[in-house]
Amino acid sequence: MRLNRRTFLGIAAAVPFMPASRAQRGRGGPQYPIPDSIKALKPMLDGVQPITAAERRARIAKAQSLMHEHKIGALVMEGGTSMFYFTGSRGAGQDPLFVWILPAKGEPSWVASATSTLHPQGDVRTYETDGNPYLRIAQALKDRNVSGPIGMEERVRFSVFDGLRKQSPSLEFVSGDPITIGCRVIKSPAEIALLQRANDITIACYKAVVPTVHDGMDQRELGSNVDAAYAALGVRGDAMVSFGQYTAFPHGSITPQKLKEGDLVLIDDGCSVEGYQSDITRTFIFGKPTARQRQVWDLERKAQDAALAAAKPGATCESVDAAARKVITDAGFGPGYKTPGLPHRTGHGIGLDGHEWTYLVKGNTTKIQPGMCFSNEPTIAIYGEFGVRLEDCMYITDSGARMFTKQSPAIDQPFG
Amino acid sequence: MPQTQTTTDYQQRIAKLQEAMKEFGLQAVVLEPGPAMMYLTGVRWGKSERTFAVVLPAKGDPVWVLPGFEEARARELIHVGNDIRIWQEDESPFARIAQALKDRGVTGKVGIDDSARFFVFDNIRKLAPKLDYVSASQVLKAAGTK
């Protein structure tokens with residue numbers, strides 16, 4: 001469970017938030033020497049196949065077909081993962097305004113500042129720094145004969161919507177979710193291959209850092225080892241690390257922690273390959289587990305297994321959450337989101353965003369389909385004691401869900 | 001980052017915003033996490049798919065809307081306002097925001113943070129379609145927010 005959609009926050013990385021350990025390390029905290037075993041890691045990016053231009057064109061065709069179906073005249077988006085998904089361009093920061101417009105019929109258009117260094121290809125409409133970008137957007141819509149509702153990508157800023165509605169008061173603006181989610185929620189074999197690679201790299205990273213765990217270790221040191229391992233493996237990634245009672249906090253704590261015998265260790269988060277995200281959590285014992293720790297860990301594993309078994313094509317997303325939650329509440333935890341127990345949903349979609357549609361949560365009656373990808377991460381949080389989260393991501397095939405990674409077999413064996 | 005502002009400072013900033021709201025005819029401002037929330041309330045939070053927002057009415061106390069399992073962590077950061085309304089994973093944060101607007105007697109213009117994401121605005125609008133949603137940029141500027 002990552003706290004946020006990392007790619008999205010990339011722009012706003014200056015907003016500190018969580019994972020707490022990362023925020024602390026990023027602020028001139030202590031520097032730790034990199035263990036030799038981590039320095040010895042080699043990049044794992046050989047043979048990675050980026051998404052092809054042909055696949056992006058097929059995505060655009062699908063989006064246009066969904067636009068006809070949903071009676072949306074055009075889709076408007078700013079920089080971010082949806083723009084990357086369709087065009088291969090991430091855009092830049094928020095200013096100056098940089099927008100991509102996909103009409104239901106015809107060629108897409110870019111609206112960019114005359115000073116933009118992004119050099120998009122195709123129909124590019126520039127505006128002067130003191131000019132009006134909304135006039136350009138409105139003209140692009142007019143040139144494609146768009147009169148129907150304009151679908152706004154979910155993260156377009158209110159200011160952009162407001163500028164556009166002032167420019168074109170007769171237009172109706174609606175959520176672009178049926179189009180963007182409709183495309184992004186089903187992953188192609190090429191996308192699944194990239195997700196697989198990101199997952200493989202995260203497991204390689206964790207395998208390298210787990211042996212560096214030692215008595216008296218600060219959680220930031222372990223986090224620093226994770227960062228170094230990802231760098232050696234050739235990717236960008238990071239992790240939230242918690243020890244002892246802090247493992248109960250789903251999003252960690254900034255409180256400095258020293259590892260001691262009998263503590264649980266929790267490592268969570270991932271990396272990205274060609275934009276595709278991994279998100280894996282391992283919880284394991286440092287030293288010998290108590291009977292209670294083992295019992296709760298085993299229960300957590302049963303809950304994860306239950307979600308995996310339930311995530312079959314045709315099942316609803318909420319039924320997967322219910323299956324995992326039942327294991328936990330049947331053991332006397334909860335009920336519902338009450339702690340000690342499972343305080344959040346069982347999983348999220350994953351792709352170009354670390355958290356994306358659709359979610360394994362009560363109330364979501366979306367049917368699971370082949371090609372969907374989810375995290376599977378019921379947590380058992382016992383505040384004041386400890387928490388256990390086992391998180392692996394799964395992709396849906398015709399015959400059921402498959403994990404990208406081998407589940408953790410036991411409290412003292414993080415890797416299968 | 002050193003915390004140099006006190007609760008009183010934030011209360012004064014919000015009071016100034018409330019004055020500006022009256023001047024501009026706004027009955028409330030809705031903020032997502034970002035520089036305006038930071039300046040007016042001191043709360044730093046990351047934007048994620050789980051909506052975290054503050055409703056600042058022209059009259060009355062702020063209302064915080066945030067995810068249930070983040071409540072403890074959020075309470076440590078919130079200096080201004082005791083009205084904290086949580087939503088659980090299967091509930092709608094937008095229903096909480098719409099209710100907050102109603103509870104504060106908002107029937108007209110609502111200022112939306114320029115950096116708020118379309119889905120946040122759109123979902124509030126669906127639940128409170130009669131309100132008039134405008135950019136909060138002028139009123140926030142008048143209140144000293146950069």
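In which loop of chain A does Pro340(A) lie? Pro340(A) is located in the loop between H12 and E11 of chain A. The model is predicted: local features need pLDDT of at least 70 and side-chain atom pairs count only at pLDDT 80 or more, whereas totals for chains, interfaces and linings use all residues. Residues are numbered from 1 along each chain as its sequence is written, and chains are lettered from A and ligands numbered from 1 in the order in which they are written. Helices (H or I, at least four residues) and strands (E, at least two) are DSSP runs, numbered from the N terminus.

Most residues other than glycine have a negative phi, and most peptide bonds are trans. A cis peptide bond is found between Thr339(A) and Pro340(A), with omega about -5°. Gly334(A) and Pro335(A) are likewise joined by a cis peptide bond, for which omega is about 0°. Pro335(A) lies in the loop that runs between helix H12 (317-330) and strand E11 (347-349) of chain A.

Positive phi values occur at two residues described here, Lys71(A) and Asn145(A). Lys71(A), which is not a glycine, has a phi of about 55° and belongs to the loop between helix H4 (53-69) and strand E1 (74-78) of chain A. For Asn145(A), also a residue other than glycine, phi is near 60°; this residue lies in the loop between helix H6 (133-143) and strand E5 (150-152) of chain A.

Exposure was assigned from C-beta atoms placed from the backbone: a residue is buried if 20 or more other C-beta atoms lie within 10 Å of its own, exposed if 12 or fewer, and partly exposed in between. Lys71(A) counts as exposed because it has 12 C-beta neighbours inside 10 Å. Asn145(A) has 13 other C-beta atoms within 10 Å and is therefore partly exposed.
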